[in-house]
Amino acid sequence: MLSELRLVKDAFEIAELQRACDDTAVAFEAVVRDLPTAVAQGRGERWVEGVFGLHARHRGNAVGYDTIAASGDHACTLHWIRNDGDLSPDDLILIDAGIEVDSLYTADITRTLPISGRFSPAQRRVYEAVLDAQAAGFAAARPGATFIDVHNAAIRVIAERLHEWGLLPVSVDESLDPERGGQHRRWMVHGTSHHLGLDVHDCAEARNEFYKLGTLREGMVFTVEPGLYFKATDLLVPEEYRGVGVRIEDDIVITADGHRILSDQLPRGVAEIEAWMARLLG
């Protein structure tokens, strides 16, 4: 009952979630500025975690959940929180982190960034596939749609890209078949969205008909976070993709006529990320 009462946020809650996203963006910028130090010091994933945690404690109450700072192949482990790896300039780093403000509302944002500041062609190809999937999820997020519509829109783009690359052993529609499909799930293993609020996975005890199959209403706040994960040991994918894991996650609120991205302070596009990182890295 309490989970279902929390499905729609009021103006105060949305303002707190916006503040959490704003503060999280500041912490992400601090992490990027310190990437060269993280590379040089060794165990750079811990350095990234530490820089983010410092800002979380200073600007808010704490981190909203254990920070994921996953470089290289570690990004292909869905909840990598050991954060004990080195950073290589040739790799991407997937940072999934959020600041919990003093009212205990938390952000939940993921950016996958090139440690050098520039994507390689293969990294860019995977990244842009995930970015297109996220855009499809955004487009489906509007009042009157169902929560699962967002996932279905995003996952279709993922399946289409995998098919274009020759990785799916079946057609897109066959892979998306809920009973006999799922081949795409080798490389996209999670749902695209979850509600957000006092808990990072808010409203988790809500009944299925009100959550996954529920109708989107103004004031609902949730994530949109598709991904693609190609393990370094996966011989079914081309060598250039192995060890590349990408997730892009933003927090949105449903509005009267669509949605608003609460975490829009952080860039998403390839050119925007590279320009942003160049400015921060000097």
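**Reading the labels of a predicted model**

Colleague: Why is lysine 9 called buried?

Modeller: Lysine 9 has a relative accessible area of 4%. Buried means under 20%, exposed means over 50%, and partly exposed lies in between (1.4 Å probe, protein chains only). Since 4% is under 20%, lysine 9 is buried. The model is predicted, and local features need pLDDT of at least 70, side-chain atom pairs count only at pLDDT 80 or more, while totals for chains, interfaces and linings use all residues. Residues are numbered from 1 along each chain as its sequence is written, and side-chain values use heavy atoms, with hydrogens and water left out.

Colleague: How do you know that lysine 9 forms a salt bridge with aspartate 202?

Modeller: The closest N and O atoms of lysine 9 and aspartate 202 are 2.8 Å apart. A salt bridge requires a side-chain nitrogen of Lys or Arg within 4 Å of a carboxyl oxygen of Asp or Glu, so this pair qualifies. Aspartate 202 is also buried, because its relative accessibility is 1%. Lysine 9 and aspartate 202 belong to a network of salt bridges that also includes Arg6 and Asp199. In total, the structure holds 22 salt bridges.

Colleague: What makes the pair of aspartate 250 and arginine 111 a salt bridge?

Modeller: Their side chains meet at 2.8 Å, N to O, which is within the limit given above. Aspartate 250 lies in strand β9 and arginine 111 in strand β5 (residues 109-114), so the pair ties together parts that are 139 residues apart in sequence. Helices (H or I, at least four residues) and strands (E, at least two) are DSSP runs, numbered from the N terminus. Aspartate 250 has a relative accessible area of 0% and is therefore buried. Arginine 111 is buried too, with a relative accessible area of 0%.

Colleague: Why is strand β9 described as largely enclosed by the rest of the structure?

Modeller: Strand β9 covers residues 250-255, and six of its six residues are buried, so it is largely enclosed. In a regular strand the side chains alternate between the two faces of the sheet. In β9, Asp250, Ile252 and Ile254 lie on one side and Asp251, Val253 and Thr255 on the other, and all of them are buried, so that both faces are covered.

Colleague: How do you know that β9 pairs with β10?

Modeller: Two strands pair if DSSP finds at least two bridges between them. Strand β10 (residues 258-261) and β9 have four bridges, in the antiparallel sense, and therefore they meet this requirement. One of the partners is arginine 260 in β10, which stands across from valine 253. A hairpin of two residues joins β9 to β10. Strand β9 is also joined by four bridges to β6, again running antiparallel, with phenylalanine 222 opposite isoleucine 252.

Colleague: Is aspartate 257 buried or exposed, and how do you know?

Modeller: Aspartate 257 has 73% relative accessibility, which is over 50%, so it counts as exposed. Aspartate 257 is found in the loop between β9 and β10. Its C-alpha atom is 9.9 Å from that of alanine 141, although the two residues are 116 apart in sequence.

Colleague: Why is glutamine 183 called partly exposed?

Modeller: Its relative accessible area is 24%, and this value falls between the limits of 20% and 50%. Glutamine 183 lies in the loop between α7 (172-176) and β6 (221-224). Leaving aside its neighbours within four places in sequence, glutamine 183 is in contact (heavy atoms within 4.5 Å) with residues including Leu168, Pro169 and Glu174.
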